[in-house]
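Good morning, and thank you for coming. Please look at the sequence and the structure as I bring them up on the screen.

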Amino acid sequence: GSHGCVAYFRSYFTRHFKEPTPCVSDSMSESAAVFGGLANMKDGLRNCNALYKPEMISVSTTCMAEVIGDDLNAFVIGARDDAEGELDNTLITHAHTPSFVGSHITGYDNMMKSTLEQLSEGVAREVDEERINIIPGFEPYLGSLKEIKKISKMFGDKIIMIGDHEEQWDTGAGEYKLYAGGTKIADAKTAINAKATISLQKYSTILTAKTIKNKWKQTYEACNPIGLSGTDAFVMKLAELTGKEVPEELKQQRARFVDAMQDSYPYMHGKKIAIWGDPDFLLGMVSFLVEMGSIPTHIVCNNAPRKGWEDDMKAILSKSARAAECNIWGGKDLWHLRSLLFTEPVDFMIGNVYGKELYRDTKIPLIRIGFPIFDRHHLHRYSISGYEGGLNLLTWITNSILDQLDEETKQIAQTDYFFDAVR
């Protein structure tokens, strides 16, 4: 696609993760928009291979290539034929990811599906009973990836994360590494031979799930390890698939998390919350809020899937004694939420950086959890998954409530009777 489109999402990720985001553009121009991008693809793939010497190149599309109907598969074949052998030893996978279809999770799904299908072509299906794949989904919290891998390691060495971007956006100081961490190509190729695949984001992997279930004939499970019940379900699924007991370390983590929940419950209970974000993020977060007795008054999901998601959300809300006060707003945006905050106000908001404008207009405190977050540093390094991640969520939300409580009780001789040093 065009250079500007690629630069946009590179800068988007870079501002969130505070790390470089390497990506090569074939820089389609006006002439390519008329005659097609084949020439650009040929030059781009050869240049990318010569400059960066990758073992694999993954090709996605922006709007320009999709509007004119460029055929990626034919273009890749044509580029190989004209490369004079330069691309013979380089894997090239591709997926159509038009920006005007769905959202970023749709592109993630298209890319994951196509990559797994293309890498597994010709691989003999030989089931490894100890092998389990974990697909994290569109996960902006690098700490969550680390936490999930840590939990998985307790159940076996053959539980492998497919699409592991943790180290790529968390490199240390010193010499920059273009290729950091990630999933080994050999592991991605043999993902077809796993006993089962667990997706941590059901609605970020809808098409990928169809490939795993229908083409690979593999056991497929969806878990959302955010909050207590979500993490419990993930841990028990690992125990079921591996046939192993839950490790004592995990039991202790769970006990500490439950103890902390009991400590903070009086402060989160009854608080009205407006929350927005991606479909799977919201399912996990709302489940946690319900567990803590909060009232998810407004749940806004601009990219809500048409099928299934709202029913899943209603099932979660049905566990709340205040379910009648909770509203699901699929397909709506923050401008819609702005109106709701004036007509049906809440105590707190939970969401990404764009809630900053809502805070300025409504003065309702914003707790920054989600994607993207540009105006605060290092939150992406923490986990929001697992028992340890749940403790992070509990800490952020409860302490934000306490901060607001201090703000409301500091007027001398008026409200400072409740300005307590012990909460």
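How do the axes of helix α10 and helix α11 cross, and within what distance do they come? Before I answer, please note that this is a predicted model. Two packed helices are described by the angle between their axes and the distance between the axes. Here, helix α10, residues 227-242, and helix α11, residues 248-268, have axes that come within 11 Å and cross at roughly 170°. An angle over 145 degrees counts as roughly antiparallel, and therefore α10 is roughly antiparallel to α11.

Which residues meet there? From α10 they are G227, L228, D232 and V235, and from α11 they are L250, R254, F257, V258 and M261. Within this contact of α10 with α11, six residues are nonpolar, one is polar and two are charged.

I turn now to helix α7. The helix covers residues 142-153, twelve residues in total. At 1.5 Å a residue it should span 16 Å, and its end C-alpha atoms lie 17 Å apart, so the two values agree. Its buried residues are L142, G143, S144, L145, E147, I148, I151 and S152.

In what order do its five strands lie? The order is β9-β8-β7-β10-β11, in an open sheet with parallel pairing. At the edges are β9, residues 327-330, and β11, residues 366-368, each of which pairs on one side only. Neighbouring strands of this sheet are turned by 15° against each other on average, with direction ignored.

Let us look at one pair within it. Strand β10, residues 348-351, is joined to β11 by three bridges, and the two run parallel. In one of these pairings, M349 has L366 of β11 as its bridge partner. Helix α15, residues 355-362, packs on the sheet and touches β7, β10 and β11. The direction of α15 makes about 165° with that of β11.

Is I105 buried or exposed? Its relative accessibility is 4%, and because buried means under 20%, I105 counts as buried. Leaving aside residues up to four places away in sequence, I105 touches F138, Y203, S204, D278, P279 and N303. One of these, D278, is 173 residues from I105 in sequence, yet their C-alpha atoms are 8.2 Å apart in space.

Thank you for your attention.

Key. Residues numbered from 1 in each chain as written. Predicted model: local features only at pLDDT ≥ 70, side-chain atom pairs only at ≥ 80, totals over all residues. Heavy atoms only, no water. Pairing = 2+ DSSP bridges. Helix = DSSP H or I, 4+ residues; strand = E, 2+ residues; numbered from the N terminus. Axes fitted to C-alpha atoms, helices over the stretch in contact; angles between N-to-C directions. Contact = heavy atoms within 4.5 Å. Parallel < 35°, antiparallel > 145°, perpendicular 65-115°, else oblique. Nonpolar A, V, L, I, M, F, W, Y, C, P; charged D, E, K, R; others polar. Expected span 1.5 Å × (residues − 1). Buried < 20%, exposed > 50% of the residue type's maximum accessible area, 1.4 Å probe, protein only.
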